[in-house]
Protein chains: 2
Amino acid sequence: MSDQPLSPRPEARNPRGFGDRRGRDLIAERRLIARVSAVYERWGFEPLETPAFEYADALGKFLPDDDRPNAGVFALQDDPEDEGVGSWMALRYDHTAPLARYAAQNWETLPKPFRRYAYGPVWRNEKPGPGRFREFVQCDADTVGSDRPETDAEIIAMAGEGLIAAGLAPDQAVIRVSNRKLFDGLFEAGGVTDPVQRLTALRAVDKFDRLGWEGVSALLGEGRLDESGDYTKGAGLSPRVIGTLEAFLSSATQPGLDRAAVLDAVSGAGDLGAAGAQALAELSAIDRALSAMGVSQDAVRFDPTIVRGLEYYTGAVFEAELLLPTTDDKGRPVRFGSIGGGGRYDDLVARFTGASLPATGFSFGVSRLAAALKAAGRAETDVRGPVVVIVFSDDDMKTYLDAGSELRAAGIAAEVYLGRAGMKAQMKYADRRGAPAVVILGGDEISAGQVTIKDLDAGRALAANLADNAAWKAQRPGQRVVPRADLVSTLREIIDGSSINVPPVS
Amino acid sequence: MSDQPLSPRPEARNPRGFGDRRGRDLIAERRLIARVSAVYERWGFEPLETPAFEYADALGKFLPDDDRPNAGVFALQDDPEDEGVGSWMALRYDHTAPLARYAAQNWETLPKPFRRYAYGPVWRNEKPGPGRFREFVQCDADTVGSDRPETDAEIIAMAGEGLIAAGLAPDQAVIRVSNRKLFDGLFEAGGVTDPVQRLTALRAVDKFDRLGWEGVSALLGEGRLDESGDYTKGAGLSPRVIGTLEAFLSSATQPGLDRAAVLDAVSGAGDLGAAGAQALAELSAIDRALSAMGVSQDAVRFDPTIVRGLEYYTGAVFEAELLLPTTDDKGRPVRFGSIGGGGRYDDLVARFTGASLPATGFSFGVSRLAAALKAAGRAETDVRGPVVVIVFSDDDMKTYLDAGSELRAAGIAAEVYLGRAGMKAQMKYADRRGAPAVVILGGDEISAGQVTIKDLDAGRALAANLADNAAWKAQRPGQRVVPRADLVSTLREIIDGSSINVPPVS
């Protein structure tokens, strides 16, 4: 309150690593989520929202990068004076750990198998950096309670349909699939039994795309010195096992192999043990199911180099990749890399119940997918602002408000300018809002029963030289005076005519 | 991983005061938000999402109930070892404080006035109880940067339109409006200058609905002993000022007064000072604007007993109320009370900048509005599950998957059952998912080129005795065998025919 003593003024700033999202970017992001959600619901997946907080013990710690010093979660202790409870709570870092808790807690009463999708923010207490946020939105779909390979196939097919619904063209993305048990079999056959050593080796293979075989080979053995001079300790596998892994990883590198051919090549690459045979049988069933659902060989490929960094995967693993030459801020070509992924995790619910409960799912980062759409030239630019009714005199406010109401009642987004600035500032305001047009009801117009409409889209198209000026102006005048009764129909004409490519405004 | 040493099993449970939301309730809640958002966008309000965390100093502390011992926020200190920064951060407790921070931070580059809407969870570190959560979703719309009363009128009219869009009938809700400056004027005229005393008095008046004049009068004076034996200290106003307040509050209690008549009655109730005169002028302008926008006298009323508990309001205040006799769990009649509210807060951004920036807004709790819709008999029950394709033999999996794909391609939500249970459990599963029908492709059907379709909606209607059995069965058989080629058209007929009132399934 104005008569309160003033404390020192706080600085208006975001916490480090937390961003604001606004207007047209946010609308585009929400459309993306709505379209993907519609796909997931059409596949019979129901929405679930778990709270931001979980008890820390229930959440566990399954972050892929928990070996980095700053990785972690946002945790706080519940008020210990309140009922003697002082448990630690933490903000969720993904949607999978809360799902495992939810499924364990409600298993008896859920329809089984339980298909659910979820979207919403997740939080990671990491060191923020450019493009690296501590809060971001993920969108997941998972099925809990089915060990059938067809469940994995369904998740894969649905994820692919989601990417198309989001806006990617069919040839702009691929989902690569493999199975963790292939490595279980290789490790088993090679006598590698230490789980830490196995995980270190898997994370090395996970870098195949980025480092190539030479780098991965070093990380599988003693270790690797990177360009920056940092040394990463390796998994310490024997040269014999590393040789087997190389044969396995290079078994299916010829381009153009279909899914069945990849399985043939992999099975001939060496001794995959019992687990490997099981993996091949599962992948074969996934292939048959994908084909039954009409999923093409181009949309989903089998690729033995796919492992995924997360510790908890136990079977099939999936990774969606953007298939486009992309460039960085300076125009240099870069790999865009993964736009989502997932896999089967049969032991996550068992943490709570002791009994294994099969589960599989797919997750993508919403900002990452939005960035991919931009890189693919498929981002939407048709997010429009409202029609703006210009305000001249307080005495005519009733007239302005009435026009705004009439437009909205006709389904046209419209607002009356309610600041105190003059005509020029109001025109600038309308332009910045991305208004398709402004409505001018000055004293002259009012007494003549008319209205002046400025077509801002036409102005933008002219400014961008998108149209031949003379012909364009004749067909689409930048400004027209029409009877007041034609307000709605004139604006509808302007808005519907804007499907010509109008450049986005910022 | 299964070969990891097992730590003691965590218990699968929600943190105290945090809930999960699922399936049909969640879908209904999302529809509500989508419909209200569409209204807000039609009025020219753009979406904004600020992060969950704010720096604690930027967030401030403006909770209405900060005098209660357990009231508060969830706060934690940012890692002090990380770059030497150890600032306190807190989760937002509403959408207004983050908006004030955002507006102060970005004012130069924003379109002015800045109209934005926001929805999402807010967090309060309070003692949880039945129906009292520590995380809940709020939906807000605010305009920053206009001191025009028409801005308040627009927010009020839009909020009313939002309630209708959410599903309430026009006669099921009312928005009551007043102006804080009326009390500023009364206090001024009565010589009450202490801001704490003023706020205590306002919070007493805010309880008028619940306590009546007798209770409020005690709280304005020495204090009040409630039925539970708790004593609340009063504002300590003099009997003369209490008398003036009584005359003021009772000035407009005759039913059926229109907005202008209420202003007449209030202005005749006593000395309202300069601030009171200003309030009446603002309310009068709001009335004119509401009428210009076609807002009826029934939808928005002026009511001098409305104050709102929040400290930061400086002018017009609004409160939306459900107009329905409602009952509690035990069938006893209860006042449902407020379903949303807001007001003008011209000094909140000034905390950061030192310069006053006029602002006004409206907020509603999404669960509270959903509960109101339920109480008003306007909750939606038409949230349907997917069609379920029954699975008999692994050998025919291709046939089942193909049928599911065909249905989805035709826009019908459908899934293949992918558990391992038998026919009976699958039927139960389909019923619990709210499936309109199940698709049966047994060996006989497949070899005959046919498909059996069980109409679960018909079964539910029969079970609920909603239809005359014989006539109904003739018109709508519970089960039919049709050519496989008629799968989509038959299901479409069943789903489209379900607009007859089928009871919701749980």
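Which strands of chain B does helix α14 lie across? Helix α14 (residues 423–432) lies across β17, β18, β19 (437–440) and β20 (450–455) of chain B, and runs at about 150° to β19(B). Helices here are DSSP runs of H or I with at least four residues, strands are E runs of at least two, and both are numbered from the N terminus. Angles run from 0 to 180 degrees between N-to-C directions of lines fitted to C-alpha atoms, for helices over the stretch in contact, with contact meaning heavy atoms within 4.5 Å.

Keep in mind that this is a predicted model, where local features need pLDDT of at least 70, side-chain atom pairs count only at pLDDT 80 or more, and totals for chains, interfaces and linings use all residues. Residues are numbered from 1 along each chain as its sequence is written, chains are lettered from A and ligands numbered from 1 in the order in which they are written, and side-chain values use heavy atoms, leaving out hydrogens and water.

Now for the sheet itself. Its five strands make an open, mixed sheet in the order β18-β17-β19-β20-β21 of chain B; two strands pair if DSSP finds at least two bridges between them. At the edges stand β18 (414–416) and β21 (479–483) of chain B, each with a single partner strand, so one side of each has no neighbour in the sheet. From one strand to the next, the twist averages 25°.

Look at β17 (residues 387–389) of chain B: three bridges join this strand to β18(B), and the two run parallel. B:Val388 has B:Glu415 in β18(B) as its bridge partner. Helix α16 (residues 456–463) of chain B also packs on the sheet, touching β19 and β20 of chain B, and its direction makes about 30° with that of β20(B).
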